[in-house]
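These are my notebook entries on a single model. I set down each item in the order in which I looked it up.

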Amino acid sequence: MRRSVVAFALMVGGLISSNFSAQAQKVKSAPFSYLPEQGEDRYNQRVPRKTLALADGSGFIILAHQSGSAYAVERYSPDLKKQWSTTLPIAPGETVEAFGRSAEQAWVVLHHADENGQNLTVQPVGLAGGQKGTPVVLVTAAASERRPSVRLSPDGTRLLAYRYATRDEQVRSLVGTLYDQKLTKIMDRTYDFRDQGDFFSPNIILANDGTQYVTLLGDAMRKLTVRRYPATPDRIGVPTAIPVLGVPVGGVFDGKPITIRDAKFSLLPDGQLYAAALCANYDTGELTSLKVVRFDFENKSLKLAPELPFAPAYLAEVGKATGTEPKRLEDIYLADMLLSENKNLVIVAERHFEEGGPDQPVHARELHVFGYSAFVTPIWHLVVPKEQAAPAIDSYTGIGFRAAVFGEDVQLLTLENIGGKSDLYLRHLQARTGVLGAQQRLKLNVANDQQLAYVKDFTTWLGPKEIIGVSRPSKKSAALQLNEVKLK
């Protein structure tokens, strides 16, 4: 039976975790240089994660924006000792498109555009000593075409670059090339959407073995569909089998036209593809429900979870948690999907919005967190209140949250000012029960002013009790620091 644990989780979490604030210890800090992104990337980040833990546990790498004409890939040991730094010049008309790593190399993908055309080029950097490899052009496109895209597999062993073929501004196909970790071409492939009609939105998720999952919001934004393409080239004269799974989540219900307002697809550690959709009344824009799907291609089936409606009872829960009286849900967006060791699914949505105007602050408010069992059955949900604002120079890089899961423990990290203390705060959430612990202050004493104070992009976990982050410690200091925080 589905149950709400808003008040219960806050109460129990406070009882069992009231001493968490004394358990955090800042171990070490090092100077850090960072230039905020400019232009559209302030609001539409292409590289939201600029710190990546290394798979062998030997430390982490960082993509640092050093100047208007250069980035750098830097490798650190777990105790913040810089092992090497490799500068990557950025020419006029170039921006960073993607950042990733395999077991042997870091990948920095650059987008170049001028009047003659555009391309995506990957610059490999060896993890052992920071040596730059030979750049490889992954895909080219005409200057008039849409910006091409690239996808990196989670372990960095496969790269997929593709361009868009459009007609009347609607995507009709994608033309992609798959590469291995040596940047050797595996195959070319065309993804044809001529059967989709109009008003659909395609995307691609790349698995470690090179399997391509093409996700579609189709049927006039009412249906979630996934096509699975194999990691092997098409055989001449032999049609390639392309399994397709889809399910409508919108339509007309009780006389109201319901469409997808926001959707997120994620390939999670169990090898299954999951999708979450925030549905809304097309006429009024009011959010009506959350719908969740698991696509199981091995068994040629899918599981549509029971709908979670945003009924008056849910609005009352939001009001109780935030101390407000909401008449409707708005400015809420899907942010993360996490899978616990026992395959409990946790979905996190966040309310965030701009105050108005390019130079005005941006805000992030409560988290809406939903828990599902291994059978994709909703078992709990809760609202986590928070009050965040950042100057326009930060855009959304200084607010929001970061999340990680270890076993059944989901960790949520936020920058907040609680009880007059501006700091990074950690909350522990149990994936199976939805029990939320009290916030744990990391004791970094983050500056609380209208200047750059915290850059969320560089936050990552090296383990369940070791967090890396970048912040500025006080109003008197203009310098950012790279921090290592260990939890006792």
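**Entry 1: helix α2**

I began with helix α2 (residues 312-322), whose buried residues are Y314, L315, E317, V318, G319 and A321. I took buried to mean under 20% relative accessible area, exposed over 50%, and partly exposed in between (1.4 Å probe, protein chains only). Helices (H or I, at least four residues) and strands (E, at least two) are DSSP runs, numbered from the N terminus. Just after α2, I noted that G323 takes a positive phi of about 75°.

For the record, the model is predicted: local features need pLDDT of at least 70, side-chain atom pairs count only at pLDDT 80 or more, and totals for chains, interfaces and linings use all residues. Residues are numbered from 1 along each chain as its sequence is written, and side-chain values use heavy atoms, with hydrogens and water left out.

**Entry 2: positive phi outside glycine**

K300 has a phi of about 55° and lies in the loop between β22 and β23. With a relative accessible area of 72%, K300 is exposed. N445 also has a positive phi, of about 55°, and is not a glycine. I located N445 in the loop between β33 (440-441) and β34 (460-463); at 45% relative accessible area, N445 is partly exposed.

**Entry 3: aromatic pairs**

I counted rings of Phe, Tyr and Trp (its six-membered ring) as a pair if their centres lie within 6.5 Å; planes under 30 degrees apart count as stacked, over 60 as edge-to-face and the rest as tilted. By this rule the count comes to 10 aromatic pairs. Y191 belongs to strand β14 (residues 185-192) and Y229 to strand β17 (residues 223-229), so the pair ties together parts 38 residues apart in sequence. Y191 is buried at a relative accessible area of 0%, and Y229 is buried at 4%. I also recorded one aromatic cluster formed by F32, Y34 and F458.

**Entry 4: around Y164**

What lies over the face of Y164? I found R146 there, at 5.7 Å from the ring centre. The criterion is that NZ of Lys or CZ of Arg is within 6 Å of the ring centre and within 35 degrees of the ring normal. The side chain of Y164 also makes a polar contact with the side chain of S149, at 3.3 Å. A polar contact here is a pair of N or O atoms within 3.5 Å; within protein, one must be able to donate a hydrogen and the other to accept it, and residues adjacent in sequence count only if both atoms are side-chain atoms. S149 is in strand β11 (residues 149-152) and is buried, at 10% relative accessibility.

**Entry 5: salt bridges**

I applied the rule of a side-chain nitrogen of Lys or Arg within 4 Å of a carboxyl oxygen of Asp or Glu. The structure holds 19 salt bridges.

- K82 and E74 meet through their side chains at 3.5 Å, N to O; E74 is buried, at 6% relative accessible area.
- D234 and R189 meet at 2.7 Å, N to O. D234 is in the loop between β17 and β18 (244-248) and R189 is in strand β14, so the pair ties together parts 45 residues apart in sequence. D234 is partly exposed at 40%, whereas R189 is buried at 4%.
- E307 and K291 have their closest N and O atoms 4.0 Å apart. E307 is in the loop between β23 (301-304) and β24 (308-309), and K291 is in strand β22 (residues 287-296), 16 residues apart. E307 is partly exposed at 39%, whereas K291 is buried at 10%.

Salt bridges that share partners also join R46, E97 and R147 into one network.

**Entry 6: an open sheet**

Last, I traced an open sheet of 4 strands, in the order β3-β4-β5-β6 with antiparallel pairing. Strands pair if DSSP finds at least two bridges between them. The edge strands, each pairing on one side only, are β3 (51-53) and β6 (82-89). β3 and strand β4 (residues 60-67) pair in the antiparallel sense over 3 bridges, and I noted T51 opposite I62 in β4.
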